[in-house]
Structure formats: structure tokens, C-alpha cells
Amino acid sequence: MSDSDRKLLDSLPQKGSAQLLGAVSAVRNLAYKTTKFNWQKTSKILKNGRVTAKILAQNGLYQYKLDNAVLTVAAGKGYADAVSLFDTVNNRELLMHDNPFFRLRIKNDRLSPVNAESSEFIKINDKKFAIRYKFKNSSATVNFDCSNNRINYSINAVPNKNISFDNVEFPALELRNISPDAALFAPVMSGVEHPGAVKNNISYELEYPRGIASMQYGAFYDEKGGLFWSPADPLARAKQLSYVAGANRVKIVYQWYPVQNAAFVPGCPVRLELFKGNWYGAAMLYKQMLTDIDALYWVKQPLPRKDSPEWLKNNTLWFLHGGSKLTSMAQFKKIREYLGLPFGVHVYRWNSKTFDRDYPHHRGLPSFMDLIAECHSMGIRITPYINGRLWETLDRREEDYLYSKTGKENCVVRKDGKIAMSVFNKANFGIICPYTPVYEEMMRKSCFMLEKMGIDGIYIDQIGAAAHIMCYNKKHGHAVPDDTAWFEKGHHKVFSKIRAEMKARTPEVILTTEDNAETCIRNFDALLCWRWMYKGQVPAFSAVYNGRTQLIGLTYDFKRDAEASFAKAAWQIIGGGQIGWFSSDYFCAPEKHDFRVWVKQLMRMRLALIDFFNEGEMAAPVKFSKPVPEKVLFWGGHGTLRVNTPELYSTVWRKDNIHAVILTNNTAKTAVNSLTFAPGQKGRVYVFDSDGKEKSFAYNHNVKYDFNLQPHTFQVLLTVPETEKAEDLLNAVKMQFKLIQAIPSENDPFDNKSKNMAVYNELSWITTVKTDKFECQFFPGAMYPTAFALKDGTPLAPVSFKDRVAIGKDVYYLDCDRWAERKVIENSPEKFVLEIHGTYCTSAREYAAKGLKAVYRYTFNRNSSEIDVEAEVTMLDGSNSVPELLDLQCDSKTSRISWSFDVQQKKQNKFVRKGKIFIK
């Protein structure tokens with residue numbers, strides 16, 4: 001660009017009408033976009049600041065007005081393109097100059113409006129127009145409709161004869177960075193919001209539809225507003241989504257899989273809409289769009305959903321059982337009595353002692369019928385696991401039973417001609433094409449067998465989680481490739497039939513699946529959201545689909561999640577979900593008393609607000625007077641692993657004209673803040689607190705509320721307008737909160753902290769042993785007890801073990817083993833026996849002595865001031881080295897700790913020594 005051109009651009013008006021500023025922005029983009037349009041001539045017309053639609057049209061600019069934006073088309077001889085989307089409320093351009101709207105890929109060519117050989121503008125009316133683009137080997141017509149304050153644009157792309165599109169990008173958007181802190185929303189699991197997306201170079205590659213791309217929309221916005229986009233695709237066809245922020249722009253690409261040797265006509269437009277708000281505002285636009293397009297996966301019936309059983313809609317908690325092995329359900333009887341409410345259990349290994357084997361054949365173990373009866377006798381619902389995607393190559397024990405005969409020919413074939421395969425637990429699986437009749441036959445067989453066995457539901461794995469792989473097997477009868485073969489003509493066809501037949505016979509049976517792909521909403525009663533653990537996650541999926549499915553499950557069983565576990569349960573509740581999906585061992589661990597209380601209270605709170613979750617909708621979030629502190633916590637082995645966790649979770653739910661505000665303090669410290677929100681009418685606020693406080697106050701359209709939440713407590717605010725009668729609701733909530741307030745003082749049959757001698761801290765991994773005389777600690781990875789103290793807490797002088805062994809010139813020390821493993825032999829009120837397994841390492845803690853094994857056993861008795869110690873070290877056969885065992889040293893001569901050990905003995909290649917440690 002020449003200096004004179006730059007001066008011309010700099011001279012253009014920066015103030016004026018929306019019409020003028022939109023035209024100026026279009027000219028600026030044109031200056032950087034093309035030489036096929038004489039933008040200099042148009043610029044001179046704009047300099048005087050007085051323009052009309054007629055003047056602009058005479059100079060090649062056509063404007064299409066929305067309520068809050070103007071879309072400008074440039075048209076000249078042999079050239080036409082939509083060049084600007086100008087936000088007239090905030091006076092800013094949203095599109096980069098090289099924004100294409102779409103791209104076509106033919107081998108190495110990427111074709112778009114930017115490099116079209118020619119293009120033609122076709123004006124239809126004040127709201128609609130079309131542009132025809134001609135390329136060397138194809139053509140495309142794009143129709144724009146600017147009605148209803150939004151842009152819908154569709155495409156018809158036609159390749160030349162004997163040419164195929166490799167892929168089509170629709171939409172393909174290049175958005176301008178509107179501000180340094182502008183946020184990018186991506187539909188990852190529950191939805192993820194990234195403030196400052198451009199400066200932080202945020203990017204996502206997402207395969208839709210599946211959990212990591214659960215919905216097909218996105219948004220880019222700041223506090224002034226932003227842009228929403230989505231293909232308005234009612235069939236949820238497979239797409240590859242790419243969101244890349246950086247270099248002062250955001251690139252949005254939705255890649256489709258066109259049929260070979262055919263035109264690309266998706267039959268749906270892309271919707272673009274400006275909005276004011278954040279992730280919640282974008283979610284509401286998407287929810288409205290699903291209704292507008294009558295999406296195949298959208299549940300249209302009025303809420304509450306009539307085709308899901310009441311037991312599921314009213315359920316509050318889930319357990320996971322059989323993760324390592326399937327055992328009796330007897331331990332759940334005590335849990336059921338403690339909680340006082342029914343719950344559900346996902347059962348694994350009901351058909352095999354090993355996991356991920358023999359699919360798609362599912363046969364129950366003989367004991368499974370007894371297990372079902374055992375659950376039902378306790379009022380517990382049971383849903384066993386099956387797989388809905390895989391065919392093992394050795395599908396009966398270690399035998400190729402039906403894979404080569406039937407399975408292989410019904411599996412997905414990739415573009416390169418190879419069968420799509422997966423490996424799980426060292427077993428090989430072909431991926432079944434869901435379009436095939438064999439797939440439907442296998443799913444019907446498994447589901448109906450379980451139904452007849454008397455289960456309450458079936459968990460069909462991977463349907464909502466795994467990628468839709470395009471199938472190129474022409475023998476299956478679908479198009480090649482066919483982006484409808486997985487959902488519309490596959491899973492939807494199969495499971496809508498299975499569901500209808502099962503519901504007709506057994507209305508109480510449910511279907512659930514893994515993750516939360518929106519395509520599963522209509523045919524599944526519940527979705528297992530076990531991997532909702534992402535930095536920046538927001539409950540957008542809940543806002544869109546609340547009541548239309550039940551959101552269940554989150555991974556808890558991680559040793560480092562003790563602090564995060566409180567926030568996890570609260571996160572499930574604020575999104576309207578059901579709590580849990582932990583094992584009984586995790587829930588019943590003695591150190592989990594406070595967490596059990598939290599869960600039991602949240603179960604009652606969910607029950608109190610059940611109609612809001614099943615029949616209402618999520619409302620706009622409240623605003624706090626000061627930022628809510630966050631802490632990065634380890635949530636689990638999925639997503640981003642560590643999640644920025646607010647100390648305070650909040651949400652608002654609306655049913656009719658009544659709002660329910662939920663506030664949870666997930667931490668061990670007090671939360672002080674104030675909130676505001678606008679119910680819209682005069683009325684009264686009723687406050688229910690989990691620690692027993694209740695109050696009410698009047699409000700006038702807007703609510704401002706100062707609160708002080710004690711550690712691990714929550715509040716519910718109900719705003720009831722003057723015009724509403726809510727006595728039944730208030731009485732029901734009050735009844736549940738009376739029960740909630742009593743829970744902390746109730747007997748906990750699993751709380752042995754004051755009974756058993758040892759307590760394991762799941763957060764620090766420290767085991768503390770307390771007798772009537774003294775206490776000490778075992779740190780993670782350590783072979784010896786440390787931090788001795790008297791019963792009153794008086795610390796004693798430290799004791800160190802100098803156990804070592806010399807092998808040649810190298811000396812290895814036992815206290816350098818960071819990976820020693822603890823095994824509790826007994827932990828009762830009267831006795832604690834701990835066995836620790838480890839090895840010898842160099843002082844640098846980097847190299848271990850190969851073949852050396854050490855086992856130390858410590859025995860504590862309640863009324864004794866002694867510790868019995870046994871040490872056993874196994875040396876390599878033929879070794880002449882002699883280890884030094886139980887070589888204790890104290891740093892103080894006045895120590896109240898002493899010891900006595902017998903003489904070290906050798907038995908073959910093992911060295912053994914026993915003795916006692918005395919605490920005075």
C-alpha cells in the first residue's frame with residue numbers, strides 16, 4: 001500500500017452515522033483485501049461524511065442493516081464480496097479484511113472468496129442477497145439473509161466434472177480481536193470460557209459431535225458484547241471444529257466431509273448474531289436456534305420430560321461399583337441407611353472378571369442376578385455397563401469367534417482402505433459402523449437381554465464420547481463418505497427404536513451414555529459427565545439442555561482431590577446435575593466425614609429445588625460486588641487436570657416467575673461478599689441457610705444481598721413476586737433445610753477418626769498415628785515414622801534411621817526412597833499395624849539398588865508407649881554385602897525416645913531384625 005493510500009484511509013471520518021462508519025470500515029477492509037475494487041474512488045465520496053444508500057450503491061457498496069450491526073457488500077465489475085460486519089452499537093469492526101466466510105479444499109487448492117477468479121453480486125431485496133464465486137475447477141453460490149436481526153448464510157458449491165471436494169470449511173471466519181480481555185467460548189464438555197483468548201493464544205481442535213465438542217456453536221465477546229456463530233444444522237452432521245486465537249485475530253473453522261464427486265449443499269445455513277452478554281447470553285441464542293430449526297436431537301415436549309421415569313428425575317446421587325472387581329453390594333446397605341435417600345449405582349464387570357473384552361457380546365455372570373436383587377431389596381437403582389462401539393478381534397476369550405466372520409465386514413473403513421481400530425487394555429477392537437444392520441442387531445440383543453434381567457438402566461459406553469469416523473466402505477450402502485451415517489442414520493435410528501420398544505414394555509428402564517454430546521439428548525435419559533474438569537469451564541450445556549436430560553457423574557477417585565471434592569459436588573449441583581459417581585470405598589473412608597456431610601446436605605438441597613431443575617431453566621448469573629477468589633486445584637486425570645476453582649459457586653434457576661439463587665462455599669474458610677440480580681418484579685426474598693439460619697426481606701425489582709457464608713455451607717435464596725403464591729414451595733424447601741441443618745450432628749457410621757488409631761490425610765498423604773501415650777506421623781514415600789509428639793502435642797526430638805548397605809563402591813540408603821509404599825494391615829481402636837515396602841537408593845535419590853527389597857512392619861497398641869518394629873531386607877543371591885538395619889540415631893541427648901533391638905540375623909539371602917522403640 002502506498003503512502004498516499006494510507007493518508008487517504010487516515011482521512012476518512014471516524015464519527016458519524018452508523019451507515020457512514022460501516023461504509024468506512026468496509027473500505028478499510030477492502031484496501032487490505034483486494035485490488036479488484038476501486039476503494040480509493042469510494043473513499044473520496046465518504047470523506048464529506050454525507051452518504052445515502054443510493055450514493056453508496058452507486059459507488060459499489062450495499063449495506064444490509066441489523067438492529068445492532070450493518071453488513072456491507074462490495075460489488076464491482078467481476079468482483080463481489082461481503083467485506084464488513086460493523087457493530088453499530090460499539091462502533092467497531094468484527095471481521096478481519098481477509099475473512100472468507102467459507103473455503104473449499106480440492107487437493108492442494110484452498111479456494112475462498114479471497115482468491116476467486118471472479119464473483120457476482122445478486123441483490124434480492126433489502127434483507128437478502130447472493131454472491132456467485134467462480135474458481136478454476138468449481139463454483140459456489142452463497143445466499144445471505146439478514147432478517148430477524150441476524151445473518152443466515154448458506155452455500156451451494158459445485159465441483160467440475162470428475163472432481164471431488166476433499167473438505168469444505170463452513171463457516172470459515174477470521175474475527176478481529178475486539179479488546180485485550182475479550183473471551184472465546186468453546187463447546188468443550190460443559191463449555192469453556194477463555195478471557196484474553198488472543199493474548200493467551202488459546203486454540204482448540206474439536207471433533208463434533210462428542211463430549212469435547214458437545215454443541216456446535218461458539219462466541220467471541222467482551223463486556224460490550226460480541227458475536228455468536230453456529231451452523232443451524234438440525235441433523236448434527238460430523239464436523240471438525242477449529243478455534244485458534246492469536247496474532248490479533250480469532251480463526252474459526254468448521255470442516256465438513258462432502259460426498260465424493262458431488263456438490264456440497266449442507267441444507268442448512270450458518271447463523272451469525274451479535275449479542276450483549278457472556279457465555280450465558282450465547283447459550284440462550286443457541287437454545288433458541290435449536291427450537292427454530294427443530295433439531296433432530298432437541299426434546300420438544302414441555303418440561304418436565306414425560307418419557308423419563310420419575311425415579312431418575314428425582315434421583316440425587318450415583319455410585320460407581322466394580323471398577324477393579326465386582327463384589328457384593330452389601331456395603332451399600334450401610335450407605336443407604338446413612339443417606340436416607342435412594343441412589344443409583346453404575347455397575348462394571350457384571351459380565352466378565354476382566355474389563356473391555358469380548359465386545360460386542362455381553363453375557364452376565366451367574367452372580368449378577370443375585371446382585372440385582374440385592375440392590376432392589378435396598379431401594380437402590382442399578383445400571384450395568386455395555387459398550388456401544390467396538391468389536392474385539394478375539395471376541396470370545398482368546399478366540400476369533402465372530403470378528404472375521406461377521407464383525408470385520410461391518411466395521412468402519414478409513415479413506416486409506418484400512419479398518420478403523422482402537423486398543424483398550426491391550427486388546428484390539430474394530431470400530432463398528434452404526435449404519436449397518438449388524439450394529440442394530442447387536443445393540444438390540446444386549447439391551448433387551450439386560451431389560452429382561454430386571455435392571456433399572458443400561459449405560460452404553462462411547463456413544464456420546466467417541467469421534468464419528470467417516471466410513472468409506474461402499475458395501476455398507478451409505479454414501480462415501482456419509483456424515484449422516486453416525487447420528488441420523490446410525491445411533492438415532494438404532495436407539496430411538498430400542499428406546500421406544502423398551503419404554504413400551506418397561507417404562508422405568510433408562511438409557512445412559514458416556515459424555516454429553518448433544519446428539520444423545522433425545523434418545524438417552526442421562527449423560528455421564530465424568531470428564532467435566534477444564535480450566536475456565538462454565539455450565540453452558542446445562543443452560544441449554546436442563547430438564548431435557550439428566551446430567552450425572554464426575555470423576556472423584558483421585559488421591560489428590562480431597563480439597564477439590566467439595567467444589568466438584570457443588571459444581572454438579574449448580575449445573576442442575578446429580579451428584580457423585582464415586583466408589584463406596586472413597587465415600588466411606590474415615591477421613592471423608594466432612595465430605596459425606598457435604599454430599600448428604602447437597603442431596604437434600606437438590607431435592608428441595610427439584611422442580612427448578614426438571615421443569616425450570618437456568619437464568620442469568622448473579623453479579624458479585626467483588627471478584628470471587630479462585631484456586632487452581634487438581635480435579636482428576638482428564639481435561640486440563642487442574643481447574644481454576646472459585647471459592648464460591650453460584651447459579652440462578654427460574655420456574656415460572658420464581659427464582660432460586662444457589663450459593664455454595666466450597667472451602668474451609670468464610671466467604672464474605674454481596675450479590676445483585678434482577679428478578680424483574682416486586683416481591684420477597686426468602687433465605688435458607690444450611691447451618692440453620694432463615695430470614696426474609698422485601699425487594700423492589702432488583703435484589704442486593706450481603707452474605708457471610710461459613711466454611712462448607714450453602715444458601716438458597718427464593719425470590720417470590722407479590723403476584724405469586726408459593727406456600728407449598730416454601731414449606732417444602734423449609735422442610736428439607738431442617739433436615740439439612742441436622743445432618744452435621746447426626747451419627748456417621750463411617751467416621752472412625754476418633755476411634756481408629758491412624759488417620760490418613762488424602763490431601764497431604766500423611767498418616768497420623770495416635771495412641772493414649774504419644775503420636776507420630778508417616779510421610780508419603782518414607783520408610784520410617786517421624787514427627788513424634790506426646791499426647792498433649794509436645795514435640796519430641798527428631799529421630800533418624802541410618803539404615804544403609806554398601807555394594808562395591810556404592811552406598812545406598814533406605815531413607816532416600818521416595819517411592820516407598822504403605823500397606824495397612826490393621827487399623828482399629830486398639831491396634832494399628834503398618835507395613836512399608838521400599839528399596840535402597842543413592843543419596844541423590846536418583847539410582848536405586850537393583851534387586852534389593854525392604855519390608856518394615858510397625859505395630860502400635862492403644863495403651864502402650866512402645867512400637868514393635870520388624871525389618872526384613874532381601875539381597876541379591878550371592879551378594880556378600882551386609883545391610884545395616886534399624887540403625888536409629890537421635891539429635892538430642894535428652895530425648896524421650898529410646899530403642900532396643902536384637903542382633904541382626906541372616907536367613908539365606910534375607911536379613912531380619914526385630915525390636916522396640918520406647919517413648920517416655
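Mentor: The largest pocket has a volume of about 1,600 Å³. Of its 49 lining residues, Glu193, Asn278, Trp279, Val538 and Pro621 are the closest to its centre. Keep in mind that this is a predicted model, where local features need pLDDT of at least 70, side-chain atom pairs count only at pLDDT 80 or more, and totals for chains, interfaces and linings use all residues. Residues are numbered from 1 along each chain as its sequence is written, and side-chain values use heavy atoms, with hydrogens and water left out.

Trainee: What makes a space a pocket or a cavity, and what is its volume?

Mentor: On a 1 Å grid over the protein atoms alone, a cavity is a set of points where a 1.4 Å probe fits but cannot get out, while a pocket is an open set with protein on both sides within 12 Å along at least five of seven lines. Lining residues have an atom within 4 Å of a point. Grid points are joined across faces, edges and corners, and the volume is the space filled by probe spheres set on the points.

Trainee: Which element gives the most to the lining of the largest pocket?

Mentor: Strand S35 does, with 6 residues. Helices (H or I, at least four residues) and strands (E, at least two) are DSSP runs, numbered from the N terminus. By class, the lining of the largest pocket has 26 nonpolar, 13 polar and 10 charged residues. Here Ala, Val, Leu, Ile, Met, Phe, Trp, Tyr, Cys and Pro count as nonpolar, Asp, Glu, Lys and Arg as charged, and the others, Gly among them, as polar.

Trainee: How many cavities of 30 Å³ or more are there, and how much space lies in the largest cavity?

Mentor: The count comes to 7 cavities, and about 100 Å³ of space lies in the largest cavity. Its lining has 13 residues, with Trp532, Leu551, Trp571, Gln572 and Gly577 nearest its centre. Strand S29 (550-552) and helix H13 (562-574) are the elements that give two or more residues to that lining. It divides into 7 nonpolar, 6 polar and no charged residues.

Trainee: What lines the second largest cavity?

Mentor: Among the residues there are Tyr545, Gln550, Leu551, Phe613 and Trp653. The space is about 70 Å³, and its lining has 4 nonpolar, 7 polar and no charged residues.

Trainee: Why does glutamine 550 count as buried?

Mentor: Buried means under 20% relative accessible area, exposed over 50%, and partly exposed in between (1.4 Å probe, protein chains only). Glutamine 550 has 4% relative accessibility, so it counts as buried. This residue is found in strand S29.

Trainee: How do you know that glutamine 550 makes a polar contact with glutamine 578?

Mentor: A polar contact is a pair of N or O atoms within 3.5 Å; within protein, one must be able to donate a hydrogen and the other to accept it, and residues adjacent in sequence count only if both atoms are side-chain atoms. The side chains of glutamine 550 and glutamine 578 are joined at 3.1 Å, so the pair qualifies. The side chain of glutamine 550 also makes a polar contact with that of arginine 606, at 3.2 Å.

Trainee: Why is the pair of lysine 497 and glutamate 440 called a salt bridge?

Mentor: A salt bridge is a side-chain nitrogen of Lys or Arg within 4 Å of a carboxyl oxygen of Asp or Glu. The closest N and O atoms of lysine 497 and glutamate 440 are 3.6 Å apart, so the name applies. Lysine 497 lies in helix H11 (residues 487-505) and glutamate 440 in helix H10 (residues 437-453), so the pair ties together parts that are 57 residues apart in sequence.

Trainee: Are these two partners buried or partly exposed?

Mentor: Lysine 497, at 38% relative accessibility, counts as partly exposed, whereas glutamate 440, at 13%, counts as buried.

Trainee: What is the distance in the salt bridge of arginine 596 with aspartate 748?

Mentor: Their closest N and O atoms are 3.0 Å apart. Arginine 596 lies in helix H15 and aspartate 748 in the loop between helix H17 and strand S42, so this pair ties together parts that are 152 residues apart in sequence. Both arginine 596 and aspartate 748 are buried.

Trainee: How do you know that S43 pairs with S44?

Mentor: Two strands pair if DSSP finds at least two bridges between them. There are 4 bridges joining S43 to strand S44 (residues 774-778), so these antiparallel strands pass the rule. They form a hairpin with 3 residues between them, and lysine 770 stands opposite glutamate 775 in S44.
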